[in-house]
Amino acid sequence: MSDRSPAGRRPVDRPRRAALEVLTAVRVDGAYANLVLPQVLRKHRLEGRDAGLATELASGAIRMHGLYDPIIDACLTKPRLQPEVRDVLRLGVHQLLAMRVPDHAAISTSVDLVRATVGRGPAGLVNAVLRKVSRQDRGTWIEQVAPAPDTDLRDHLAVAESHPRWVVDELAEALGSDDELGRLLAADNAPPRVTLVARPGLAEVAELEAAGGTRTSRSPYGVVLDGGDPGDIAAVAEGRAGVQDEGSQLVALAMADAPLAGRDERWLDLCAGPGGKAALLASLAFRRGATLVAHERQPHRAALVASAVRAVPPEAVHVLAGDGTRPAWVPGTFDRVLVDAPCSGLGALRRRPESRWRRTPEDVEVLVGLQQVLLDVALESVRPGGVVVYATCSPVLTETVQVVEAVVGRRDDVEEVDRFQLWPHRDGTDAMFAATLRRRALA
Ligand SMILES: C[S@@+](CC[C@H](N)C(=O)[O-])C[C@H]1O[C@@H](n2cnc3c(N)ncnc32)[C@H](O)[C@@H]1O
């Protein structure tokens with residue numbers, strides 16, 4: 001499992017080379033790690049344990065560089081460092097402080113890697129820095145490079161748990177206190193286990209359990225996979241089941257199961273791409289004799305929705321590409337509406353290693369305006385007496401309760417009937433928010 005290094009004598013192993021390619025694509029091309037990883041793994045023909053190693057190296061080094069960079073900087077004698085060399089060092093520090101790689105292996109493979117990819121020049125520096133890092137454990141390094149927790153807990157956690165400080169503040173405000181903040185941020189740094197959904201009427205939960213999984217505690221359709229590639233499971237390959245966080249299943253169920261008086265035939269998923277919730281809703285709609293319109297602004301994401309719902313009988317689901325701020329249907333058309341709004345995604349940091357470093361407070365400001373418009377459109381789209389679920393994969397208050405309160409506050413025909421906020425450290429799910437609103441029936 002190794003390539004000859006052109007500039008050095010020793011071979012470079014392919015998982016580490018692959019991990020470095022992911023870091024480079026994320027840093028230089030603005031790639032998303034979860035999209036580029038499968039391509040790089042295929043290119044290097046990595047499977048099984050080697051694919052797992054490359055994934056852990058790349059994800060861990062990207063996610064944790066808020067801690068690793070101050071450690072690297074504390075070991076430098078000159079402040080300047082080429083970005084390519086820093087990437088190799090981040091991978092090395094992750095192996096030394098977060099993985100069970102022996103020190104000598106972490107150091108020598110990093111030296112080989114920098115020789116093969118950057119050149120011989122920085123090999124000595126990589127060796128010296130990683131030797132210094134290896135002399136202390138992670139806890140001692142955190143004490144050395146992070147502000148003391150009793151001076152400012154949030155400053156401390158921003159470094160120790162590697163989150164931008166503004167994100168720490170937003171998450172703390174959403175939690176309502178700093179008591180659980182450390183546990184939440186640590187949960188953001190643990191890769192989530194793969195959760196499947198058995199789409200009702202198309203697959204049985206028992207079928208997924210038989211593939212090696214355990215039922216989820218809250219969604220009746222969820223199974224946590226013990227290991228392996230979900231694509232190898234027939235029900236997943238055929239679209240009768242899918243990969244879906246339990247929190248997302250609970251959001252879809254909040255929409256499908258909200259008590260409703262009167263007609264219950266027309267359902268709308270206003271922002272459906274890539275289609276995870278739409279597929280669960282469409283299978284439920286089919287069983288109940290209803291029809292789902294799965295609506296999405298971006299045509300290529302609408303195509304992903306069509307693929308996600310491919311196992312649902314076509315009479316139960318229509319995929320529609322369009323802008324939800326300019327609806328193509330008359331007001332009051334639907335009985336149930338889900339608006340799973342475009343959001344900062346700060347509730348799904350476990351899945352997207354680079355996203356905490358990409359998002360800015362300004363992004364949130366821009367999104368809030370769109371979220372309010374989409375919620376208003378959803379409320380206009382539902383008949384009097386119908387229900388709307390507003391959801392985000394963000395717990396940030398300006399995107400969640402404040403959107404709901406702003407929109408409900410300027411209307412006299414809507415009441416909020418339910419609300420929940422899930423958390424990775426409490427619920428084992430992404431930090432999904434959902435509020436169920438009912439449009440008052442006409443007097
Ligand atoms: C959070 S994602 C939805 C996730 C989806 N419900 C699922 O479970 O797979 C938000 C989606 O809204 C779409 N979107 C953004 N602006 C929109 C608009 N004006 N109208 C409709 N969809 C929009 C985005 O392209 C994105 O696919």
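How many helices and strands are there in the protein? I counted 20 helices and 13 strands in this predicted model.

**Overall form.** I next looked up the extent of the C-alpha trace, which spans about 80 × 50 × 35 Å along the principal axes of the protein. For 443 residues, a compact globule would have a radius of gyration near 22 Å, and I noted that the 24 Å of the protein agrees with this. Buried residues account for 48% of the 443 residues. I then turned to contacts between residues at least 6 apart in sequence, and found that 72% of them join residues at least 24 apart.

**Annotated site.** I consulted the UniProt record, an unreviewed entry, for the annotation "binding site". According to that record, the annotation covers ten positions listed by name, including Cys271, Ala272, Gly273, Gly275, Glu296, Asp323 and Asp340.

**Gly275.** I located Gly275 in the loop between strand E7 (266-269) and helix H15 (276-287). Is Gly275 buried or exposed? I recorded Gly275 as buried, because 27 C-beta neighbours lie inside 10 Å and the cut-off is 20 or more. Leaving aside residues up to four places away in sequence, Gly275 touches Ala294, Leu304, Val305, Ala308 and Val309.

**Glu296.** I placed Glu296 in strand E8 (residues 291-296). Glu296 is likewise buried, because 26 other C-beta atoms lie within 10 Å. Which residues does Glu296 touch, not counting those up to four places away in sequence? I listed Cys271, Ala272, Gly273, Arg301, Ala302, Val305 and Ala321.

Note on methods: Residues are numbered from 1 along each chain as its sequence is written. This is a predicted model: local features need pLDDT of at least 70, side-chain atom pairs count only at pLDDT 80 or more; totals for chains, interfaces and linings use all residues. UniProt positions are given in the numbering used here, feature names are shortened, and annotations may be inferred rather than shown by experiment. Helices (H or I, at least four residues) and strands (E, at least two) are DSSP runs, numbered from the N terminus. A residue is buried if 20 or more other C-beta atoms lie within 10 Å of its own, exposed if 12 or fewer, and partly exposed in between; C-beta atoms are placed from the backbone. Two residues are in contact if their C-beta atoms, placed from the backbone, lie within 7 Å. The radius of gyration is taken over C-alpha atoms; the globule rule is 2.2 Å times the number of residues to the power 0.38.
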